[in-house]
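Colleague: I have a model open and want to learn how to read it. Can we go through it feature by feature?

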Amino acid sequence: TIITERLDTMKTNRERFFGIVREKQPHVLTWLMAFFNERVAADLLGAGNVPSDVIPAEHWGYGASPRADWDAKVRYAQATGNCAMCVGWGGCIPFGHGGPGEFRERLIEMGEKHRISVYETGVKKEIRRDPHFYHHFDYPVRGPEDLDKIVLPDVDDPSRYAGIADEAAYYKQHDLIACANLNGFFSGIHYYLHPYDDLLVNLLLEPEFVQAMLDRLGPWNLRAAEHLLQCGVDMITFCDDLGSGQSLLMNPALYRRFFLPWHRRLAELCHRYGALLHMHSHGNINEVVGDLCDAGVDLLNPLDPEEGMDLPALKRAYGRRITFVGGLARSFFDWDAARQRSA
């Protein structure tokens with residue numbers, strides 16, 4: 001009865017969100033993770049509910065989203081039932097990607113069924129349609145001899161954050177959680193600096209090289225996060241996919257050596273500003289969920305049961321220390337309606 005009365009007095013989305021995360025109150029809100037294809041999003045939601053900056057511009061797209069898109073992003077959240085919205089250019093559709101806390105991209109080639117963009121670090125990305133596929137290529141760093149090729153943008157450039165405080169305030173006024181995306185630390189290397197498979201190998205064979213890349217990327221991420229927190233965002237979101245469908249991608253000792261310290265520092269920074277930290281990590285990461293709790297991560301997604309993430313068991317073990325987001329099987333939308341209802 002006490003819980004019911006307290007929930008009944010919390011009329012706003014923001015009150016309910018913070019009640020769930022900070023007080024672990026029994027309530028459910030919606031957070032749609034992603035659309036991979038903006039055309040599908042427009043077909044499902046209506047074109048007027050999809051902001052224009054989901055397509056990279058031919059310039060870097062610094063600062064806030066175009067002002068006309070703020071209303072579209074609010075409508076997007078309303079159409080999807082989302083409780084949150086991310087600030088900055090490109091921060092709407094994909095979780096963990098877009099906005100000034102990530103290295104920006106600009107469009108260099110557009111076709112009917114593909115597009116190619118280049119990021120500030122020099123790596124390129126191609127997205128293809130029918131079927132959907134994407135890959136990164138032309139990485140600037142192939143080995144230790146290329147460390148001097150790491151050229152990161154000026155993290156303190158005021159134009160990078162221009163208008164972000166106003167955009168964050170706008171979403172708060174519309175009862176949304178204002179969040180900002182940030183480069184990951186593991187994913188930030190293999191998205192923007194060094195190929196994925198080589199990174200996994202070099203965690204073992206060239207640990208000093210991996211540490212040198214982290215020593216460049218990590219401080220940039222923390223500084224960008226602080227600028228965003230000073231703009232008044234409620235939450236920092238970041239992607240570090242640590243697992244496969246079977247297990248961690250690395251020995252837990254390697255995670256704790258290389259990446260856990262940065263996750264802890266990021267959480268401490270968010271908490272100094274009264275903000276939250278939301279981490280995205282696919283795969284079977286059971287072995288390090290306790291470490292993420294210890295580091296201070298506030299929310300964790302996506303917890304796919306088909307990847308060995310048992311939401312009820314995790315809730316029993318860690319539910320007083322972290323808020324879990326997700327728990328749906330990746331094949332959920334391939335099931336018939338009866339199976340979906342019974343799940």
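Colleague: Let me start with a helix. What covers the buried residues of α10?

Modeller: Keep in mind that this is a predicted model. The cover of the buried residues of α10 includes the strands β6 (177-182), β7 (235-239) and β8 (276-280). It also includes the helices α8 (207-230), α9 (252-258) and α11 (289-295).

Colleague: Which residues of α10 are buried?

Modeller: The general idea comes before the list. An α-helix has 3.6 residues a turn, so residues three or four places apart point the same way. Now the case here. Leu 260, Trp 262, His 263, Leu 266, Ala 267, Leu 269 and Cys 270 are buried in α10.

Colleague: How many residues does α10 have, and what span does it reach?

Modeller: Helix α10 runs over residues 260-272 and has 13 residues. From first C-alpha to last it reaches 18 Å, close to the 18 Å expected at 1.5 Å a residue. Just after α10, Gly 274 has a positive phi of about 75°.

Colleague: Next, the core. Which residues have the most contacts inside the largest nonpolar core?

Modeller: In soluble globular proteins, nonpolar side chains tend to be buried together. Here the largest nonpolar core has 83 residues. Tyr 171, Ile 236, Leu 242, Phe 259, Leu 266, Ile 285 and Leu 300 have the most contacts inside it. Helix α8 gives the most to this core, with 11 residues. Apart from this core lies another, of 13 residues, among them Phe 17, Cys 86, Ile 177 and Cys 179.

Colleague: What is Phe 259 in contact with, leaving aside neighbours within four places in sequence?

Modeller: Phe 259 is in contact with Phe 185, Phe 186, Leu 203, Leu 214, Met 250 and Leu 254.

Colleague: On to the strands. In what order do the four strands of the open sheet come?

Modeller: The order is β2-β3-β4-β5, and the pairing is antiparallel. The edge strands are β2 (105-110) and β5 (133-137), each pairing on one side only. From one strand to the next, the twist averages 20°.

Colleague: How many bridges join β2 to β3?

Modeller: Five bridges join these antiparallel strands. A hairpin links β2 to β3 through three residues. Ile 116 in β3 is the bridge partner of Glu 109. On the β4 side, Ile 116 has Glu 126 as its bridge partner.

Colleague: And how do β3 and β4 pair?

Modeller: Strand β3 (residues 114-119) pairs with β4 (residues 124-128) in the antiparallel sense, over five bridges. Ser 117 has Lys 125 in β4 as its bridge partner. The hairpin of β3 and β4 has four residues between the strands, and Gly 122 there takes a positive phi near 105°.

Colleague: Is β3 mostly covered or mostly exposed?

Modeller: In a regular strand the side chains alternate between the two faces of the sheet. Strand β3 is mostly covered, with five of its six residues buried.

Colleague: Now charges. How many salt bridges does a search of the whole structure find?

Modeller: Side chains of opposite charge can pair when their charged atoms come close. The search finds 18 salt bridges. In one of them, Asp 234 meets Arg 14 at 2.7 Å, N to O. Asp 234 lies in the loop between α8 and β7 and Arg 14 in helix α2 (residues 13-23), so the pair ties together parts that are 220 residues apart in sequence.

Colleague: Are Asp 234 and Arg 14 buried or exposed?

Modeller: Asp 234 is buried, at a relative accessible area of 9%. Arg 14 is buried too, at 18%. Salt bridges that share partners join Arg 14, Lys 172 and Asp 234 into one network.

Colleague: Which residue forms a salt bridge with Arg 115?

Modeller: That is Glu 38, with the closest N and O atoms 3.4 Å apart. Arg 115 lies in strand β3 and Glu 38 in helix α3 (residues 38-45), so the pair ties together parts that are 77 residues apart in sequence. Arg 115 counts as buried at 10% relative accessibility, and Glu 38 is buried at 12%.

Colleague: Where do Glu 226 and Arg 223 lie?

Modeller: Both lie in helix α8, three residues apart, about one turn of the helix. Arg 223 counts as partly exposed, at 35% relative accessibility.

Note on methods: Residues are numbered from 1 along each chain as its sequence is written. This is a predicted model: local features need pLDDT of at least 70, side-chain atom pairs count only at pLDDT 80 or more; totals for chains, interfaces and linings use all residues. Side-chain values use heavy atoms; hydrogens and water are left out. Helices (H or I, at least four residues) and strands (E, at least two) are DSSP runs, numbered from the N terminus. The expected span of a helix is 1.5 Å times one less than its number of residues. Buried means under 20% relative accessible area, exposed over 50%, partly exposed in between (1.4 Å probe, protein chains only). Contact means heavy atoms within 4.5 Å. A nonpolar core is a set of buried Ala, Val, Leu, Ile, Met, Phe, Trp, Tyr and Cys residues joined through side-chain atoms within 4.5 Å. Two strands pair if DSSP finds at least two bridges between them. Axes are lines fitted to C-alpha atoms, for helices over the stretch in contact, and angles run from 0 to 180 degrees between N-to-C directions. A salt bridge is a side-chain nitrogen of Lys or Arg within 4 Å of a carboxyl oxygen of Asp or Glu.
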